[in-house]
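Happy to walk through this one with you. Let's ask what stands behind the labels, one at a time.

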Amino acid sequence: MQVGNAWGILINASIRSETRRKFTIAHEIGHYLLEHNTLRPCSLDEQFNTMLAEQEQGTAQAQAQKQAYLLSEQRANRFAVELLMPTPIFMTDASALTQVGLPAISTLATQYGTSLTSTGIHYTRLSEQVCAIVFSEAGIIRYFAYSDGFRENKYCYLVNGQPLHPKALASQFTNTTRIGELIDEVPLHYWCRPKESQLNCDNSEGEDYQIIEHSRRTPRTKQVITFLHLP
């Protein structure tokens, strides 16, 4: 928020997680450094509510404003990640670990004081492995991130909003208060389907692939974190 020529960041008192508070502050610093010369003297919430009202009218201007807002949020998120986990230092620390996947992510999250979510996404995007991290809730894939190797693999294609395969390990945490973690090899098609360009091809080879699934549900959350690794 802006008061006269001064700027400040207010944190919702209901946010008790220290890692969430740190990321929120870093995110807002990103907004300030990237956009403070162009922001109107009103809160971002006010701008967002104005955008929603205009969006209901279905105008082209409303769509453009929505895209600009989403881009602004993405840029602020990327800034926060780099501020808290600078890529060159983070990659050096990650490569020094003998563990991979969730054990490495947990170690790095503790080291950097960041959440498993933000650390996992950063770790996976930078990884040289063929891997992905998936966040699901109530048996539905909510969002995910993947490495370049995963993106380039013709058999590895994830879909937001897709229900979990009933035999995927992550499904065992659905509709239960059970916490803990499970790891095993599962058929690749439990998680992935071929890219659109491969749908009319012979995909029998891809169906034979096994992928390592490591799924974890932690206390105080309904979310399941899954790390997928294709050897």
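This is a predicted model: local features need pLDDT of at least 70, side-chain atom pairs count only at pLDDT 80 or more; totals for chains, interfaces and linings use all residues.

Q: What does the overall make-up of the protein chain come to in helices and strands?
A: The protein chain has eight helices and seven strands. Of its 231 residues, 36% are buried. Among contacts with a separation of 6 or more, 54% are between residues 24 or more positions apart.

Q: Why is the ring pair of Phe-90 and Tyr-112 called tilted?
A: The two ring centres are 5.4 Å apart, and a pair needs centres within 6.5 Å, so the rings count as a pair. Their planes stand at 50 degrees. Stacked would need an angle under 30 degrees and edge-to-face one over 60, so tilted is the label that remains. The count of aromatic pairs comes to seven, and ring pairs also link Phe-144, Tyr-146 and Phe-150 into a cluster.

Q: How do you know whether Phe-90 and Tyr-112 are buried or exposed?
A: Compare each value with the cut-off for buried, which is under 20% relative accessible area. Phe-90 has 1% relative accessibility, so Phe-90 is buried. Tyr-112 has 14%, so Tyr-112 is buried as well.

Q: Which residues make the contact of α4 with α6?
A: From α4 come Thr-87, Phe-90, Met-91 and Ala-94, which meet Thr-119, His-122, Tyr-123 and Leu-126 of α6. By class, this contact has five nonpolar, three polar and no charged residues.

Q: What makes the pair of His-214 and Glu-181 a polar contact?
A: Their side chains are joined at 2.5 Å, and the limit for such a pair of N or O atoms is 3.5 Å. His-214 lies in strand β6 (residues 210-217). With 9% relative accessibility against a cut-off of under 20%, His-214 counts as buried. Leaving aside residues up to four places away in sequence, His-214 touches several others, including Leu-102, Pro-103, Ile-225 and Phe-227.

Q: How do you know whether Asn-175 and Ala-138 are buried or exposed?
A: Exposed means over 50%. Asn-175 reaches 79% relative accessibility, so Asn-175 is exposed, and Ala-138, at 59%, is exposed too. Asn-175 is in the loop between α7 (148-152) and β5 (180-187), while Ala-138 is in the loop between β3 (131-137) and β4 (140-146). Phi of Ala-138 is near 55 degrees, a positive value in a residue other than glycine. The C-alpha atom of Asn-175 is 9.6 Å from that of Glu-137, 38 residues away along the chain.

Terms used:
Residues are numbered from 1 along each chain as its sequence is written. Side-chain values use heavy atoms; hydrogens and water are left out. Rings of Phe, Tyr and Trp (its six-membered ring) pair if their centres lie within 6.5 Å; planes under 30 degrees apart count as stacked, over 60 as edge-to-face and the rest as tilted. Buried means under 20% relative accessible area, exposed over 50%, partly exposed in between (1.4 Å probe, protein chains only). Contact means heavy atoms within 4.5 Å. Helices (H or I, at least four residues) and strands (E, at least two) are DSSP runs, numbered from the N terminus. Ala, Val, Leu, Ile, Met, Phe, Trp, Tyr, Cys and Pro count as nonpolar, Asp, Glu, Lys and Arg as charged, and the others, Gly among them, as polar. A polar contact is a pair of N or O atoms within 3.5 Å; within protein, one must be able to donate a hydrogen and the other to accept it, and residues adjacent in sequence count only if both atoms are side-chain atoms.
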